[in-house]
Amino acid sequence: MYKVAIIEDDQPTSRQLRAWALSAAPEIEVTQWFTRDEAEAAIAREDYDLVILDIELGRDRHAGVAIINAINKVGRGTPVLVVSAMPAAIYRGIMKALDAWDYLQKTTFEEPEFIETFLDMLRAAKSRRQSAAHLASAAATAKPAGEELSIDPLRQGAPYWRGKRVNVPLTAQRILAALFARRGEVVSYDELFAVVKSGRNRENIRKHISALREAFREHDEHFDRIENVPMRGFRWVS
């Protein structure tokens, strides 16, 4: 069963979104949250396949942004649909930068548009789950030879290092994929800027690299495959 979270402080709107989601996919399980605190606790506790949320929750005008960051930090690649009254012309670009799937502005869309978007997201969630299961199976049965890193080519699932899942945010996953695809070669800062959606500066890239190293060292304290090439960029060393 696929698990969907609806995070919306307005109860009538929450009930309507729940009804639309269940009408499109009766087999799913839907849970509803109404505050930032309970939503963030649920995100940390549950592995949702899909999240629908509002930006403003009560007086917290940017609660949705914080929740998306919490989802990205977990690193599961959960598709997020933002449904908000905030102007789409301003916030759609911001939500895309945060890796939200899409942005629907309240009062400007109707049930058919919501259901079409929701079903697209559900298909992506199913693909993500199948990919993760395939990677886990491959990691469990792989012989300890050749490369020790396994990356989902669609980047819908976390990477695996020596059979263990490495939890890193989506942006760090993109950087890792770029380095691994060119293993043995220097990947320049400019080339790495192309795979991040925001914070296109050297300091931000170095922070992502540091986060990657820390995540790998949770499983392998001697991990040293990401090499710094001064003034140029970074290299994956096999």
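Predicted model: local features only at pLDDT ≥ 70, side-chain atom pairs only at ≥ 80, totals over all residues.
Ile6 stands opposite Ile52 in strand E3, where a strand is a DSSP run of type E with at least two residues, numbered from the N terminus. Residues are numbered from 1 along each chain as its sequence is written, and side-chain values use heavy atoms, with hydrogens and water left out.

**The five-stranded sheet**

- Strand E1 (residues 3–7) runs parallel to strand E3 (residues 50–53), and four bridges join this pair; two strands count as paired if DSSP finds at least two bridges between them.
- Both belong to an open sheet of five strands, ordered E2-E1-E3-E4-E5, with parallel pairing.
- At its edges are strand E2 (29–33) and strand E5 (102–105), each of which pairs on one side only.
- Neighbouring strands of this sheet are turned by 15 degrees against each other on average, direction ignored; axes here are lines fitted to C-alpha atoms, for helices over the stretch in contact, and angles run from 0 to 180 degrees between N-to-C directions.

**Helices on that sheet**

- Helix H1 (residues 11–24) lies across E1, E2 and E3, and runs at about 170 degrees to E2; helices are DSSP runs of H or I with at least four residues.
- Helix H4 (residues 88–97) lies across strand E4 (80–84) and E5, at about 160 degrees to E5.

**The three-stranded sheet**

- Another open sheet has three strands in the order E9-E11-E10, with antiparallel pairing.
- Strand E9 (186–188) and strand E10 (226–229) are at the edges with a single partner strand each, so one side of each has no neighbour in the sheet.
- From one strand to the next, the twist averages 30 degrees.
- Four bridges link E10 and strand E11 (residues 233–236) in the antiparallel sense, and Glu227 stands opposite Arg235 in E11.
- Helix H6 (residues 170–181) packs on this sheet, touching E9, E10 and E11, and its direction makes about 65 degrees with that of E11.
- Helix H8 (residues 202–217) also packs here, touching E10 and E11, with its direction at about 155 degrees to that of E10.

**Confidence**

- The protein averages a pLDDT of 85, and 89% of the residues score at least 70; pLDDT is the predictor's confidence in each residue, from 0 to 100.
- Over residues 139–146 pLDDT stays under 50, and the model has two contacts beyond four places in sequence for them, a contact being heavy atoms within 4.5 Å.
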